[in-house]
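These notebook entries record what I looked up, topic by topic.

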Amino acid sequence: MKLKKVRLITFGLLMTPLFSYAAVIHVSNGESIQAAVNKASSGDTILVAPGTYRETVYIDKENITLQGEIIKGKRAWLDGGGKLNDGILAAGNGVSISGFAVKGYKGNSIMTQGANNYRIVDNYVQGGFYGIFPQFGRNGLVARNRITGVEDAGIYLGMSDNVDMIGNEAWGNVIGIEAENSRNVLMEGNFIHDNVEGIAASLFSGLPIKDAKNITIRGNFVVKNNIKNFAPASSIASSVPSGIGVLILGAKNSTVENNIISENNTSAIVVTDLVTFGLATDSKVDPIPDGVQILENTYVNNGTKPVAPFKEMIHVSGNTSADIIASGKERTSCIKHRTSTVEIGTKKWNECEIGATTASLKTAMLDQPYVSPPLNIEQKGRLTYLSVCTGCHAFNTQIHGPSILSIKALYAGDPDGLVKYISNPVKKRKDFADMPKQDYLSPEILNSVAHYILDELKN
Amino acid sequence: MKNTDSLLSGSSAKYFSLIFAALFLVSPELVLASVPDLMPKDCPLAKAPAQLMAAYMQFSEHKYSPVDLTCAAQLSFKAAEAKPGDIETNVAALAAQMELLDLLSSILDEHLYQEGEAYQDIKQRWKFATANGKKLSSRLSKMSATDPIVGTLLVAYQLSATAKLVDPQVTLQTAHDASKTLQEIVNRPNTEPNDLALLILGRLSLSLPEVYGGDVDNAVTYLKQAYSINSQNISTLRWCADALISANQNDASKQFLNEMLSLQPQVGEAQQFADELKAAYGLAARIGDTALSEKLRANRTTLLKQYPNLRTRQSVAGFGHGGPDPMTGKDTD
């Protein structure tokens, strides 16, 4: 009996790995980053040497570290050449993207979709429709990135929870940094300057997440956000007025503390609901940003050249400028040191309680990684449709490419035909721009996208 | 003014919103030159003046169709041009332009991003309706601006015509001016109760910023007054509930949401009902009354099955936003 027990124990020990092995895959200039991702297993690190890489990189594996090596100040550049839509797309939990320079993409430069526990750190992004765009994720860090020239938000956090946006610099964008329909977000220590608008905490209708709350905007430099709006006319961002330092649009329990907000021509801080801006089209969404706290901030020379409609609002109020403009519907909101600020629309606001501060908030991230199963293939297909396809295709109208309705008609019952086309498009009509190849997507993803379009999509 | 009253009460599903957009100039000559392209092929534009209004009534029932409402707008406009001194015909024509504008506004609200051929089509129809509306407004102002019903319609038209596709300052200023005009109308001595004016006034009080006189409590007061005059208007019920929820009176809002369950649409009201029921079930969900929300949703579902041409107002995806929830595949509303 004793011998048998010994044998069993030994067998058990042999079966137990003593350590787990994560590979490091090197990518040299001229090689394909996507090829390395395809080779990688969950937990691997992909080190990309300085050079220029003209591709889209799609990551849908778990815990991949994609790191651009910075050698003597030189980085790995991802260059879309003005032709490719997306730079880096990630749908795997635990992804880390750092050290890259990304430019020349028409859509998303760095995007995560449905990825939790992500890190996007120390990247440089230039141009694109969205700069850094984490969406549908929890527990993320977006830190020490530099973003410029983006036609919407430089960092656009969408429908995400528990995210720190720390120490980034954003300039020359339409919106510097934005948290949209997101909860528990800390925007701290960012240098946001020379955008159309500085920082936004926003809530929009018509999205799956119906609220935005607990946004802390603290210790940022928000300076001279007065440039002319250059967003495409079709974009909702084209309606963003120039000259606002911090905008709270519908987001509840937002706190603005210890920021230096200076030389923003319209106003330092604007707080408004969705109804005033005609954005309250979904009645499940509570349009009023209750619980706003404007604590101690430093305001220098804001509101000296306000634009419409704020210019007229200031005039009607009898003031010549305003540090804080509110629509006036907010409940349970407060301002600290009211006598030292010029306010409009805040008659129902109170003085904040003595001692009100966000000092105890160290991070908005979770103590432990968020535990979630990997995305299934159907979710990946839908997320890919949303992040990649809707940049050029709308459901029932033609934009850059034909409508989804016409694609459904053309490829009805033929998902393989649609996959074949998406992988290697051929120009069929003169009135459409060339469609970039989507062959960086795996056959499984392409198949899932095709089935989603042909079998499920109704709007 | 019996016909006018019924027209106005039927057209009280108005979506006034203040939004930023580019400034569009209305060029009536250019717009009218392209009018045939905007019409359905069976739009009977060649009918004799005496028959135009009957034809208009037929097309005006299709409140879900921008094409049919464009036809209705043009038929009524032609009828008004043939009878420039007839107040009722001109009022009906102005209401028709407004209904088209309101439908176009609501279609724009379905999309976060405005691009493509569908958007260009909306812009064309918008120009068309505002060109007609400008002429009709001017005529009615001269004929009968002191009549409270006509005065209310003129204000309502201005709000519809500046809700979208104009400079945001114009939208805000129009709403501010409208609020003052309507307050004067409802406070006139010895005039008949005007629930439409009170409904619009209530909505403006809800939407205007404080500096322009916006006030949630005033909104509740106006809307309750509208309800006391006409408790059968589904839009009044919806907005009463909405205002009460904004005023943190969630329990009080439930009465109005419940009353919406017992109303049935008249001819041409199905789209309005479908839209207000959608808003209502969202409001009920927001205040945590799941059972009520489900009842309102069920009523709407029945209506949509009964009238399959109605617009369902589902969010459409664009540039990585909107559309069905990609995590579940289900619609977001």
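**Entry 1. Burial and strand β28(A).** I began with the term I needed: a residue is buried if 20 or more other C-beta atoms lie within 10 Å of its own. The model I am reading is predicted. I then asked how many residues of β28(A) are buried. I found 6 of its 6 residues buried, and I noted the strand as mostly covered.

**Entry 2. Partners of β28(A).** I looked up the pairing next. Two bridge pairs went into my notes: A:L247 with A:V270, and A:L249 with A:T272. I also recorded that β28(A) pairs with strand β31 of chain A, residues 324-326, in the parallel sense over 3 bridges. In that pairing, A:V270 stands opposite A:I325.

**Entry 3. The whole sheet.** I traced the order of the sheet in chain A as β4-β7-β10-β13-β16-β19-β22-β25-β28-β31-β33. It is an open sheet of 11 strands, and the pairing is parallel. Which strands are at the edges? I identified β4 (57-59) and β33 (343-344) of chain A, each of which pairs on one side only. For reference, I noted that strands of a sheet pair through backbone hydrogen bonds, either parallel or antiparallel.

**Entry 4. Backbone exceptions in chain A.** Before listing these, I reminded myself that most residues other than glycine have a negative phi, and most peptide bonds are trans.

- A:N63 is not a glycine, yet I read a positive phi of about 55° for it. I placed A:N63 in the loop between β4 and β5 (65-68) of chain A. It counts as partly exposed because it has 18 C-beta neighbours inside 10 Å.
- A:K72 has a phi near 50°, again a positive value in a residue other than glycine. I located A:K72 in the loop between β5 and β6 (76-79) of chain A. Having 5 C-beta neighbours inside 10 Å, A:K72 counts as exposed.
- A:A308 and A:P309 are joined by a cis peptide bond, with omega about 0°. I found A:P309 in the loop between β30 (298-300) and α3 of chain A.

**Entry 5. Contact between chains A and B.** I counted 52 residues from chain A and 49 residues from chain B in the contact. On the side of chain A that touches chain B, α3 (310-317) and α4 (377-388) of chain A each supply at least two residues. The largest share of that side, 6 residues, comes from α4(A). By class, I recorded 20 nonpolar, 22 polar and 10 charged residues there.

**Entry 6. Residue B:S246.** I placed it in helix α12 of chain B, residues 234-246. Leaving aside neighbours within four places in sequence, I listed its contacts as A:I288, A:K329, B:L206 and B:V216. I also looked up B:V220, which is 26 residues from B:S246 along the chain; their C-alpha atoms are separated by 9.2 Å.

**Entry 7. Domains of chain B.** The domain assignment gives chain B a domain 1 (2-190) and a domain 2 (231-317 + 324-333). I noted that their contact takes 10 residues from domain 1 and 16 residues from domain 2 of chain B. On the side of domain 1 that touches domain 2, I recorded 2 nonpolar, 5 polar and 3 charged residues.

Definitions and conventions
Residues numbered from 1 in each chain as written. Chains lettered and ligands numbered in written order. Predicted model: local features only at pLDDT ≥ 70, side-chain atom pairs only at ≥ 80, totals over all residues. Pairing = 2+ DSSP bridges. Helix = DSSP H or I, 4+ residues; strand = E, 2+ residues; numbered from the N terminus. Contact = placed C-beta atoms within 7 Å. Nonpolar A, V, L, I, M, F, W, Y, C, P; charged D, E, K, R; others polar. Domains from an automatic or database assignment. Buried ≥ 20, exposed ≤ 12 C-beta atoms within 10 Å, placed from the backbone.
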